[in-house]
Amino acid sequence: MELFEKHPISFEGENYEIRVLDDDQSVNVVSLHNNHLANCFKHQLKIPKDFDVKRSLKIDAVNKLVKISKNEIT
């Protein structure tokens, strides 16, 4: 998987990071704390094989998954 974006977030004095990762078939959004999973949630968006992965990372669904991940931390 390739790292596409990082979104830092702080909550109650702790620093977290939301990472958007992609491969040829899916986009994954995970929450990390000290480079370990912050919770048990991983959000995934499956994409068709003939779909441009880089284009899919800019759609609203990915942004909503990032927002959901941030809300899970706070």
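Predicted model: local features only at pLDDT ≥ 70, side-chain atom pairs only at ≥ 80, totals over all residues.
**Exercise 1. The surroundings of Glu17**

Find which residue forms a salt bridge with Glu17, and list the residues that Glu17 touches beyond four places in sequence.

Solution. 
1. Locate the residue: Glu17 belongs to strand β2.
2. Check the side chain: a polar contact of 2.4 Å links the side chains of Glu17 and Arg19.
3. Apply the salt-bridge cut-off, which is a Lys or Arg side-chain nitrogen within 4 Å of an Asp or Glu carboxyl oxygen. The closest N and O atoms of Glu17 and Arg19 are 2.4 Å apart, and the pair forms a salt bridge.
4. Count the salt bridges: the total by this rule is one.
5. List the contacts: leaving out residues up to four places away in sequence, Glu17 touches Lys6, His7, Pro8, Ile9, Val30, Ser31 and Leu32.

**Exercise 2. The largest nonpolar core**

State which residues make up the largest nonpolar core and which element gives the most to this core.

Solution. 
1. The core has ten residues: Ile9, Tyr16, Ile18, Val20, Val27, Val29, Val62, Leu65, Val66 and Ile73.
2. Sorted by element, β2, β3 and α2 (60-73) each give two or more residues to this core.
3. The top contributor is α2, with four residues.
4. As background, nonpolar side chains in soluble globular proteins tend to be buried together.

**Exercise 3. Ser26**

Decide whether Ser26 is buried or exposed, and which residues are in contact with Ser26 beyond its sequence neighbours.

Solution. 
1. Ser26 is in strand β3.
2. The cut-off for buried is under 20% relative accessible area. Ser26 has 3% relative accessibility and therefore counts as buried.
3. With neighbours within four places in sequence set aside, the contacts of Ser26 are Leu21, Gln44, Leu45, Lys46 and Ile47.

**Exercise 4. The whole chain**

Describe the order of the elements in the chain, and compare the radius of gyration with the value for a compact globule.

Solution. 
1. The chain contains two helices and four strands, in the order β-β-β-β-α-α from the N terminus.
2. For 74 residues a compact globule would have a radius of gyration near 11 Å; the chain has 12 Å, so the two agree.
3. The C-alpha trace spans about 45 × 20 × 20 Å along its principal axes.
4. Of the 74 residues, 35% count as buried.
5. Among contacts with a separation of 6 or more, 33% are between residues 24 or more positions apart.

Methods. Residues numbered from 1 in each chain as written. Heavy atoms only, no water. Polar contact = N/O pair within 3.5 Å; in protein donor to acceptor, adjacent residues only side chain to side chain. Contact = heavy atoms within 4.5 Å. Core = buried A, V, L, I, M, F, W, Y, C linked by side-chain atoms within 4.5 Å. Buried < 20%, exposed > 50% of the residue type's maximum accessible area, 1.4 Å probe, protein only. Rg over C-alpha atoms; globule rule 2.2 N^0.38 Å.
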